[in-house]
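User: I've just opened this one and would like a friendly tour. Can you take my questions one at a time?

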Amino acid sequence: MASVAVLGLLPVILVIYGLIRCCGFHQPIFTQKRVGQDGRVFTIVKFRTLPENTMATAVFRPMGGHWCQPFLSLLRRSGLDELPQLFNVLRGDMSLVGPRPHMISDHIRFTAIHPDYEKRLIAKPGLTGWAQIRGWRGAVRTHHHLAERVAHDLDYVANQNLLFDLKILIGTALLPFSRPQKTATCHPTKQVL
């Protein structure tokens with residue numbers, strides 16, 4: 001199934017790659033170390049939609065015209081920046097659906113903060129997940145966001161089945177047309193991680 005998805009989406013991946021290059025990124029794809037199933041570290045593949053130096057994001061102006069910033073934002077908002085992870089699925093590091101894998105530094109921090117965080121590692125990490133389609137996407141900046149993401153991940157682990165996976169995949173395809181992620185609506189006075 002994953003190999004069919006990669007072949008079917010390969011033209012889309014190539015077009016997005018080319019458009020990101022047109023926006024001034026000389027390396028549209030980058031890799032990061034992430035924590036996967038049973039705590040195993042693997043290398044994830046992603047489209048680059050922000051500059052390497054995240055401190056520069058506030059002043060970042062992509063080259064290539066006025067269409068670049070909205071295009072790059074759409075990639076992040078829709079989750080299309082995750083498409084190269086289909087290659088991680090083919091390698092067996094990930095599945096199409098499951099808890100999203102976090103960077104090693106976030107994994108260490110979240111494990112220290114949330115007592116049930118590591119229970120989500122029983123499942124193979126996914127390209128998309130239950131937490132993501134329910135709005136708990138993006139950077140985890142509050143305890144509430146972390147608690148909701150972990151709760152959704154554990155709900156997925158406990159109820160994982162083919163129909164649930166199909167529901168999540170359909171929800172993922174509809175993300176560009178859905179409401180904004182929940183992190184945008186978190187109360188600003190909530191404690192920041």
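Predicted model: local features only at pLDDT ≥ 70, side-chain atom pairs only at ≥ 80, totals over all residues.

User: How many cavities of 30 Å³ or more does a search of the whole structure find?
Analyst: The cut-off here is 30 Å³, and the search covers the whole structure. The number of cavities found is 1.

User: What does the overall layout look like, and what is its pattern along the sequence?
Analyst: The protein has 7 helices and 5 strands. Of its 193 residues, 41% count as buried. Reading along the sequence, you get the pattern α-β-β-α-α-β-β-α-β-α-α-α.

User: What share of the contacts with a separation of 6 or more comes from residues 24 or more positions apart?
Analyst: Contact here means heavy atoms within 4.5 Å. Among contacts with a separation of 6 or more, the share from residues 24 or more positions apart is 71%.

User: Which residue forms a disulfide with Cys-23?
Analyst: The count comes to 1 disulfide in this model. Its sulfur atoms sit 2.4 Å apart, and a pair has to be within 2.5 Å to qualify. The partner of Cys-23 is Cys-68.

User: Where in the chain do Cys-23 and Cys-68 sit, and how many residues apart are they?
Analyst: Cys-23 lies in the loop between helix H1 (2-22) and strand E1 (29-35), while Cys-68 belongs to helix H2 (residues 68-78). Both cysteines are buried. The pair links distant parts of the chain, with a separation of 45 residues.

User: Is that Cys-23 and Cys-68 disulfide left-handed or right-handed?
Analyst: The thing to check is the torsion about the S-S bond, which is about -100° for Cys-23 and Cys-68. With that torsion, the disulfide is left-handed.

User: How many bridges join E1 to strand E2?
Analyst: E1 and E2 (residues 41-47) run antiparallel, and Thr-31 stands opposite Val-45 in E2. The two strands form a hairpin with 5 residues between them, and Asp-38 in the turn has a positive phi of about 60°. The bridges joining E1 to E2 number 7.

User: Which residue in E4 is the bridge partner of Val-35?
Analyst: E1 is also joined to strand E4 (residues 102-103), by 2 bridges, and these strands run antiparallel. Val-35 shows up in the lining of the largest cavity as well. Its bridge partner in E4 is His-102.

User: Is Lys-167 buried, partly exposed or exposed?
Analyst: Lys-167 is found in helix H7 (residues 162-173). Leaving out residues up to four places away in sequence, Lys-167 touches Trp-130 and Ile-133. Lys-167 and Ile-133 are 34 residues apart in sequence, yet 9.6 Å apart in space, C-alpha to C-alpha. Its relative accessible area is 48%, so Lys-167 is partly exposed.

Conventions:
Residues numbered from 1 in each chain as written. Heavy atoms only, no water. 1 Å grid on protein atoms, 1.4 Å probe; cavity = no way out; pocket = protein on both sides within 12 Å on 5 of 7 lines; lining within 4 Å. Points joined across faces, edges and corners; volume = space filled by probe spheres on them. Helix = DSSP H or I, 4+ residues; strand = E, 2+ residues; numbered from the N terminus. Buried < 20%, exposed > 50% of the residue type's maximum accessible area, 1.4 Å probe, protein only. Pairing = 2+ DSSP bridges.
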